[in-house]
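Please read the numbered points with the model open alongside.

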Amino acid sequence: MGHPSGVTIPRWIDIEGVKNFRDLGGWPLKDGSGYIRERIVFRCGHLVNITAKGIRTLQHLNVTTAFDFRSDPEVDREGVMPTIQGIIRVPSAMFTRDDYSPAALAVRWKGYFEGPSGFPSVYKIILEKAGPVYRNIFLHLLHHHSTLSTQSIIVHCTAGKDRTGLFGMLLLGVCGVDSEVIAQEYALTNLGYWEPEEELEAKAKVLNTSLENVRVVTTAPYIAMKQTILMVEEVYGSMEGYLIAECKLTSQEIQGIRDLLVVPIPFEERQLFRPRI
C-alpha cells in the first residue's frame, strides 16, 4: 500500500537453481475492480538445474504441473527437469525440430536483431504457432483449479522470456490488466535472466552474427511488449479476439478464466486494497 502501482512490487520467488521465477498474480486491473489471483500461475526459465532445496520450495507452493514450451533441440541440449513427486511435466513445444535449425533461427531472429521495434514480428510468428498450446493451459486451469484451490502451475521455456512472456501477456490482458503493467511485468525478465558470456559467443558463432545482436535477443524491452500488444489488437482486435481465433476458446470459457483468475474488490473497499494505475 502507498505505492503508485503493483509494478513496484515484483513477485519474485527464490527457487534455487531456476532463473527468472515469479508469480503472475498480484497485478491490479485497469479499472480498479480487482487484481490477479496470486499463487496460481508462476513463470520462469527452465527447471533443469533445480536443486533439492528448489524442489522443496515448489512443493510448498503446491505446484502440480509444469508446462514446458521448449522444443526438442532445446531439450536435447539442456535436458529436462528432474522427477519431482507431485509435479507433472507437460511437453508443450510450439516449434518443431526444423524450426530450430541454424538457418531457421537466423531468419526468425532477424526481428530481434532490429531491436525492440523488431520483436513484434518475431512474437507474431510465435503467437500464430502457439494457439493450441496456450489453449491447453487455459483449459487445464478451468478444469483443474478453482477459487478455493491452493494448487498452482508453472509455464516456462528456456529463459522464461518470449513464449512464456506472451502467455503472461494474454493471461493478464484478457483479465483486464493495463498494457503498461503488462509491459513492465514482461521487462522484469531483464532482472531475472542472464547468460554467461561464453554461451552468448557460441550462439553468435552458430547464427553467424555479432555478439551484440545475440545480447539483444536475451533482453526483454518494455517498448517491445507495448508494441506487441498493439500488434495483437490490430490483428485480432483484442486479447480475447486472439484467444477465440487462435486458441479456439469460447466466450464462456474466457469468462471462466476471468472468474478464476480475478479477485474482485467491492467498490467501497477498493482504496483499502490496491490503488488504480
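Is Arg89 buried, exposed or partly exposed? Arg89 is partly exposed, with a relative accessible area of 25%; here buried means under 20% relative accessible area, exposed over 50%, and partly exposed in between (1.4 Å probe, protein chains only).

1. Basis of the note. This is a predicted model, in which local features need pLDDT of at least 70 and side-chain atom pairs count only at pLDDT 80 or more, while totals for chains, interfaces and linings use all residues. Residues are numbered from 1 along each chain as its sequence is written, and side-chain values use heavy atoms, with hydrogens and water left out.

2. Confidence. The chain has an average pLDDT of 92, where pLDDT is the predictor's confidence in each residue, from 0 to 100. A score of at least 70 is reached by 92% of the residues. Over residues 1–9, however, pLDDT stays under 50. For that stretch the model has 16 contacts beyond four places in sequence, a contact being heavy atoms within 4.5 Å. Where pLDDT is low, the predicted coordinates should not be read in detail.

3. Salt bridges overall. The whole structure holds 21 salt bridges, each defined as a side-chain nitrogen of Lys or Arg within 4 Å of a carboxyl oxygen of Asp or Glu. Side chains of opposite charge can pair when their charged atoms come close. Three of these pairs are described in the points that follow.

4. Glu185 and Arg22. A salt bridge joins the side chains of Glu185 and Arg22, at 2.7 Å from N to O. Because Glu185 belongs to helix H7 (residues 179–187) and Arg22 to strand E1 (residues 22–23), the pair ties together parts that are 163 residues apart in sequence. Helices (H or I, at least four residues) and strands (E, at least two) are DSSP runs, numbered from the N terminus. Glu185 and Arg22 are both buried.

5. Asp68 and Arg89. These two residues form a salt bridge whose closest N and O atoms are 3.0 Å apart. Asp68 lies in strand E4 (residues 63–68) and Arg89 in strand E5 (residues 88–91), so the bridge ties together parts that are 21 residues apart in sequence. Asp68 counts as buried, at 0% relative accessibility. The pair also belongs to a network of salt bridges that links Asp68, Arg70, Arg77, Glu78 and Arg89.

6. Lys129 and Asp99. The side chains of Lys129 and Asp99 meet in a salt bridge at 3.7 Å, N to O. Since Lys129 is in helix H5 (residues 119–144) and Asp99 in the loop between E5 and helix H3 (102–108), the pair ties together parts that are 30 residues apart in sequence. Lys129 is partly exposed, with a relative accessible area of 37%, whereas Asp99 is buried, at 16%.

7. Helix H11 against H7. The axes of H7 and helix H11 (residues 222–236) come within 8 Å and cross at roughly 135°. Axes are lines fitted to C-alpha atoms, for helices over the stretch in contact, and angles run from 0 to 180 degrees between N-to-C directions. H7 and H11 are therefore oblique to each other; angles under 35 degrees count as roughly parallel, over 145 as roughly antiparallel, 65 to 115 as roughly perpendicular and the rest as oblique. Among the residues that make the contact are Ile182 and Tyr186 of H7 and Tyr222 and Met225 of H11.

8. Helix H11 against H5. The axes of H5 and H11 come within 9 Å and cross at roughly 50°, and H5 and H11 are therefore oblique to each other. The residues that meet include Phe119, Tyr123 and Leu127 in H5 and Ala224, Met231 and Val235 in H11.

9. Individual residues in helices. Val216 lies in helix H10 (residues 211–217) and counts as buried, at 19% relative accessibility. Leaving aside neighbours within four places in sequence, Val216 is in contact with Tyr112, Gly115 and Phe119. Leu142 is placed in helix H5 and counts as partly exposed, at 24% relative accessibility. With the neighbours within four places in sequence left aside, Leu142 is in contact with Glu253, Gly256, Ile257 and Leu260.

10. Positive phi values. Asn62, a residue other than glycine, has a positive phi near 60°; Asn62 lies in the loop between helix H1 (52–60) and E4 and is partly exposed, at 33% relative accessibility. Phi of Lys248 is likewise positive, near 60°. Lys248 lies in the loop between helix H12 (239–245) and helix H13 (251–261) and is exposed, with a relative accessible area of 56%.
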